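What follows is what I looked up, one topic at a time.

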Amino acid sequence: MFKKYLSILLYSLPIVFFIVCYFLIVTSGEDIFQGANSQPDIIGDSIAAFNHSARLADMYAWASINFFDYTFQFGPDFFLRLLDVALAFCTFYLATYLALGHRPKLVLKDSLVFAGIFLAIFLTSYGTTLYGGFSKIHNYLIISLVSLGFCLIYAKDLLGKKPFCKTSFWQKIAIPIMLFFGFIFGLTSSVTAAAFLLCVVAYLIYLKASHQKFSIPSLVFSWRGASVLGILIALFCIYVLGPGLADYDTNPVYQAVGDYLPLRDIFVNFGASVIKVIKHIGFNFGRFLAPFFVLSLLPGIYILILKSKQKLKMPHFSRVEKNFLVAGMLFIIIHLLALSQIYYFTRMVLPVYFVGLALYFYLLQKIFSSSQKRVPSVLNHIPLKPKFIPLALIEITLMITIIIIRSTFAINYQKQVSPILERARTSEEKSFCITPEQVKSYNLPYIYLGQEDMLVDWAMPQTVYGKTITYCE
């Protein structure tokens, strides 16, 4: 019974965290720039977002932000904030599903994986994407959720578990469903979808090289082919009907901070461009793998101790398990290589970071479950599996600590900017100035746990409650 209570806590504390994040946050400068607390124009904002980046997630972000007040006031945004909490939970649920290979259950082992993925996101710089500001929250919650849902269908297929029921009804609608889902996936995140298409090609090459039989016609004329067609239609909309990657070419942040290398520059100065691309690749892979190195320290030490005592062998992977792992790793590698024109921002790889965490925990479970089976019965008194209850208590302590820190930052920031909001709401003056320090948000190094500033210099002057605010000279 105690384990069940621990499981409930492990699943529930992330929900508390998301409620704190999405109900205590102050709208960021980017949120205000995109129209927070302004007259809703769903169609107009959606069209403007499509012309800006042609991403479905951006279209939702731009259209929904009008309904949000600068701080939570029990307005129409109440249901949208609840939706954000639900989307966040579903995102981590799907990542856990992918890691376990089955639906997460109310058991300690499954809830530990759920909490482990949560901590691996919010104890790193990746987490700020999901709480820093509504613009990024609405973008990358949707991108991550859709990407994980799409990948989960393929993962079940790779593991030999039919993603669709064998009834004639499901067989008939599988193709149109996946055509639509592929289109949504492609339109949600162009880079992730393009990387997925390249991964499909690379995976077929792997199957050929490992002498595994497959039929191209049967793949094309199935739900798999329909999903690929849906992605291609979406990419056509993005790159032909929409602006494609125009935002990367024009946004100075990508050029100054990310060292973005446009394709046209590669042909102008090929030698220097190759060197820059190699630097980007080295940095991006190193940055992506660093959290996994830290995550592996304690399990790695534990496994080495077990191997030294019992000479444990690596677990046996079936053919379908190997295919699943190869496909996942190919997706990660190709996605990172697709970003080799830039030093990536963490939000750009958040979906594939979720996939990486899922593979990591999948491998970890496989190693420990296999180790238990290989131990002679006379040595059963030696603890080979990690003790679940101590692990649960550690994860619960870490999550409570994160919630407390995030709550403290959020409450303090509300107190910090409330005089500015009150002045804008009640003052008769049409404009006034403040210092940048008055809206500066404070964060922890690397982990952050704060939020983005309420006002940003690149968007100044900004309008709050109909008043124009500038920075004092």
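Predicted model: local features only at pLDDT ≥ 70, side-chain atom pairs only at ≥ 80, totals over all residues.

Entry 1: I began with Asp259, which is partly exposed because its relative accessible area is 21%. Residues are numbered from 1 along each chain as its sequence is written, and side-chain values use heavy atoms, with hydrogens and water left out.

I then looked up the partner of Asp259 and found a salt bridge with the side chain of Lys276, at 3.3 Å from N to O. A salt bridge here is a side-chain nitrogen of Lys or Arg within 4 Å of a carboxyl oxygen of Asp or Glu. Lys276 lies in helix H15 (residues 270-295) and Asp259 in the loop between helix H13 (252-256) and helix H14 (263-268), so the pair ties together parts that are 17 residues apart in sequence. Helices (H or I, at least four residues) and strands (E, at least two) are DSSP runs, numbered from the N terminus. Lys276 counts as partly exposed, at 27% relative accessibility.

**Entry 2: other salt bridges.** How many salt bridges does the rule give? The count comes to 10. I looked at Glu321 and Lys366, whose side chains meet at 3.1 Å, N to O. Glu321 is in helix H17 (residues 319-338) and Lys366 in helix H18 (residues 350-373), so this pair ties together parts 45 residues apart in sequence. Are Glu321 and Lys366 buried or exposed? Both are buried.

Arg425 and Glu422 form another salt bridge, at 3.0 Å from N to O. Both lie in helix H19, three residues apart, which is about one turn of the helix. Glu422 counts as partly exposed, at 37% relative accessibility. I also wrote down a network of salt bridges that links Glu30, Lys136 and Glu452.

**Entry 3: the sheet.** Strands of a sheet pair through backbone hydrogen bonds, either parallel or antiparallel. I found three strands in an open sheet, in the order E1-E3-E2, with mixed pairing. Strand E1 (431-434) and strand E2 (462-464) stand at the edges with a single partner strand each, so one side of each has no neighbour in the sheet. The twist averages 35° from one strand to the next. Two strands count as paired if DSSP finds at least two bridges between them.

E1 and strand E3 (residues 467-471) run parallel and are joined by four bridges. Cys433 has Thr470 in E3 as its bridge partner, and Phe432 stands opposite Ile469 in E3. E2 and E3 run antiparallel, with three bridges between them. Here Thr463 has Thr468 in E3 as its bridge partner. E2 and E3 form a hairpin with two residues between them, and Tyr465 in the turn has a positive phi of about 50°.

Entry 4: Most residues other than glycine have a negative phi, and most peptide bonds are trans. Which peptide bond is cis, with omega near -5°? The bond from Met460 to Pro461 is cis, and Pro461 is in the loop between E1 and E2.

Asn37 has a positive phi of about 55° although it is not a glycine. Asn37 lies in the loop between helix H2 (29-33) and helix H3 (42-52), and counts as partly exposed at 31% relative accessibility. Phe74 also has a positive phi, near 55°. Phe74 is in the loop between helix H4 (56-64) and helix H5 (77-100); at 70% relative accessibility, Phe74 counts as exposed.

**Entry 5: a buried phenylalanine.** Phe196 is in helix H9 (residues 190-209). Phe196 counts as buried because its relative accessibility is 6%. I listed what Phe196 touches, leaving out residues up to four places away in sequence: Phe150, Tyr154, Phe185, Ile231 and Phe331. Contact means heavy atoms within 4.5 Å. The C-alpha atoms of Phe196 and Leu330 are separated by 9.1 Å, and these residues are 134 apart along the chain.

Note on methods. Axes fitted to C-alpha atoms, helices over the stretch in contact; angles between N-to-C directions. Buried < 20%, exposed > 50% of the residue type's maximum accessible area, 1.4 Å probe, protein only.
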